Amino acid sequence: MGLGERVRYQTSFTDSARWDGFVFRPGDIVISTPAKCGTTWLQMICALEIFKSATFDRPLDQISPWLDVLLRPLTGVLADLEAQAHRRFIKTHAPLDGLPFDDRVTYLCASRDPRDVAVSLDSHASNTDRAVSLALREDAVGAVVLDELLAAAPSLPSGTARERFWSWVNPAAPGKAVSDLEIMLHHLDTFWQVRDQPNIVLLRYEDLLDDLEGQMRYIAARLGIAITETAWPDLVQAATFAVMKGRAGELASEASHDGFYHDHSQFFHSGSTGQWRQVLSEEELPRYAARVAECAPADLAAWIHRPALPAAGNL
């Protein structure tokens with residue numbers, strides 16, 4: 001299947017062009033999700049099923065690197081991946097149209113209620129040390145074009161939790177941040193449009209919460225991984241929110257960078273649904289629905305939001 005000319009997705013901390021130097025192997029797995037939609041969860045599930053063990057020899061972000069993030073020199077990341085003898089699984093937040101497409105590779109994507117994503121991102125932003133991130137970026141790739149990219153990026157959200165929510169839903173500069181509603185829905189739409197392809201696996205965060213074992217068995221089947229019945233209970237337990245939060249120092253995204261988080265465990269914020277109800281009233285839902293309708297086809301929006309959104313209102 002051809003996806004046409006690749007789109008380059010570039011922010012001050014990511015660049016999908018880093019995939020240009022990566023050589024796929026048959027059986028590789030690409031985990032491509034919007035931010036805060038269960039990326040680390042899918043990485044953990046893949047690790048558990050590939051290794052058939054809940055213990056690993058390195059932090060998860062080194063086993064399954066985020067290829068397009070500008071926090072490590074690309075040559076080192078590619079060398080680490082080339083040296084891996086096990087089945088490889090690589091993280092990205094680039095949409096499918098920004099990635100090389102290979103029929104021998106399985107592409108995993110997960111959706112999540114965008115309203116919960118906004119709340120989770122708000123917590124994530126307050127837990128990361130921006131000075132450490134900038135220092136890591138400069139060490140990895142230098143300061144070239146950083147000022148230009150930072151200038152183009154929107155300012156960090158401020159105000160009340162409700163105001164920050166709406167600045168994510170309807171930002172002053174849409175499509176310029178690491179994440180906003182439009183970016184998230186576009187990412188999901190690139191998978192939605194090809195969801196029937198045999199090497200595309202599209203999941204829902206909420207389904208993982210409701211039936212973790214069933215979803216893990218489904219993922220294993222789609223990846224062609226056979227797991228004995230006696231192994232399943234331990235593997236499923238290791239993928240629960242409570243256990244992963246307890247291992248945040250080795251499992252959280254980019255946790256192997258000293259000082260990246262103020263609190264590793266806070267990366268696993270709540271592992272629940274409906275958090276958005278703390279900041280958004282029922283009366284505001286038509287406004288939200290109107291913005292969703294601007295950014296996503298109706299069938300995708302209906303699949304993401306359960307129960308269905310109310311009729312769209314005025315923005």
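Predicted model: local features only at pLDDT ≥ 70, side-chain atom pairs only at ≥ 80, totals over all residues.

Me: Great. In what order do the strands of the open sheet run?

Reply: The order is β2-β1-β3-β4, four strands with parallel pairing. Strands here are DSSP runs of E with at least two residues, helices are runs of H or I with at least four, and both are numbered from the N terminus. Two strands pair if DSSP finds at least two bridges between them.

Me: And which are the edge strands?

Reply: β2 (89–92) and β4 (200–204), each of which pairs on one side only. On average, neighbouring strands of the sheet are turned by 20 degrees against each other, ignoring direction.

Me: How many bridges link β1 and β2?

Reply: Four, in the parallel sense, with β1 covering residues 29–32. Ser32 stands opposite Thr92 in β2.

Me: Which helix packs on that sheet?

Reply: Helix α10 (residues 212–223), which touches β1, β3 (106–111) and β4. Contact means heavy atoms within 4.5 Å. The direction of α10 makes about 175 degrees with that of β4. Axes are lines fitted to C-alpha atoms, for helices over the stretch in contact, and angles run from 0 to 180 degrees between N-to-C directions.

Me: How do α1 and α10 pack?

Reply: Their axes are 11 Å apart, at an angle of about 65 degrees, with α1 spanning residues 39–51. That makes α1 roughly perpendicular to α10 (65 to 115 degrees; under 35 is roughly parallel, over 145 roughly antiparallel, the rest oblique).

Me: Which residues meet there?

Reply: On the α1 side they include Trp41, Leu42 and Ile45, and on the α10 side Leu212, Met216 and Arg217 are among them. The contact of α1 with α10 divides into 10 nonpolar, no polar and two charged residues. Nonpolar covers Ala, Val, Leu, Ile, Met, Phe, Trp, Tyr, Cys and Pro, charged covers Asp, Glu, Lys and Arg, and the others, Gly among them, are polar.

Me: Switching topic, at what angle do α8 and α14 cross?

Reply: Roughly 50 degrees, and the axes of α8 (residues 181–192) and α14 (residues 285–295) come within 9 Å. That makes α8 oblique to α14.

Definitions and conventions:
Residues numbered from 1 in each chain as written. Heavy atoms only, no water.
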